[in-house]
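I opened this entry to log what I looked up.

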Amino acid sequence: MSSIESILNNIFLSRTGIDFGQNEELKDKALLGNNCKIAPRELILVCVDIEREFNVTVPENQIINGGFKTYNRIRDMIVQLKSKAEYSDKS
């Protein structure tokens, strides 16, 4: 498990009680759907934690366009945001 995934899993575990490391089959399931049943309020708190822990700003369009729909989409979004931040720091 990468450090990003480890931190993200800890965020979800503390906010929702779901351990995605132990429940790999849930990583592509809709977080608001019948499998994960995460409340929208909790996803907002997850977003705030992600911004704080990874020192990124989650663009509103990412949320609107489904970037916050599954665990794997959120992980991929974080990787993308972190790589953009590292690239702009080098420029």
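I started with the contacts of Glu-5. Leaving aside neighbours within four places in sequence, I find Glu-5 in contact (heavy atoms within 4.5 Å) with Lys-27, Tyr-71 and Arg-75. Glu-5 sits in helix α1, residues 3-16. Is Glu-5 buried or exposed? Glu-5 is buried, with a relative accessible area of 11%. I use buried for under 20% relative accessible area, exposed for over 50%, and partly exposed for in between, with a 1.4 Å probe and protein chains only.

I noted the ground rules next. This is a predicted model, where local features need pLDDT of at least 70 and side-chain atom pairs count only at pLDDT 80 or more, while totals for chains, interfaces and linings use all residues. Residues are numbered from 1 along each chain as its sequence is written, and side-chain values use heavy atoms, with hydrogens and water left out.

Then I looked up the fold. I get 4 helices and 0 strands. These are DSSP runs numbered from the N terminus: helices are H or I with at least four residues, strands are E with at least two. The order from the N terminus is α-α-α-α.

Next came overall dimensions. The C-alpha atoms fill a box of roughly 45 × 30 × 20 Å along the principal axes. The radius of gyration is 13 Å; a compact globule of 91 residues would have one near 12 Å, so the two agree. I took the radius over C-alpha atoms, and the globule rule is 2.2 Å times the number of residues to the power 0.38.

I checked packing too. Of the 91 residues, 36% count as buried. Among contacts between residues at least 6 apart in sequence, 50% join residues at least 24 apart.

Last, the cysteines. How many disulfides does the structure hold? I find 0 disulfides, taking one as a pair of cysteine sulfur atoms within 2.5 Å. Cys-36 is in none, and the nearest cysteine sulfur, that of Cys-47, is 17 Å away. Cys-36 is buried at 9% relative accessible area. Cys-47 is buried as well, at 11%.
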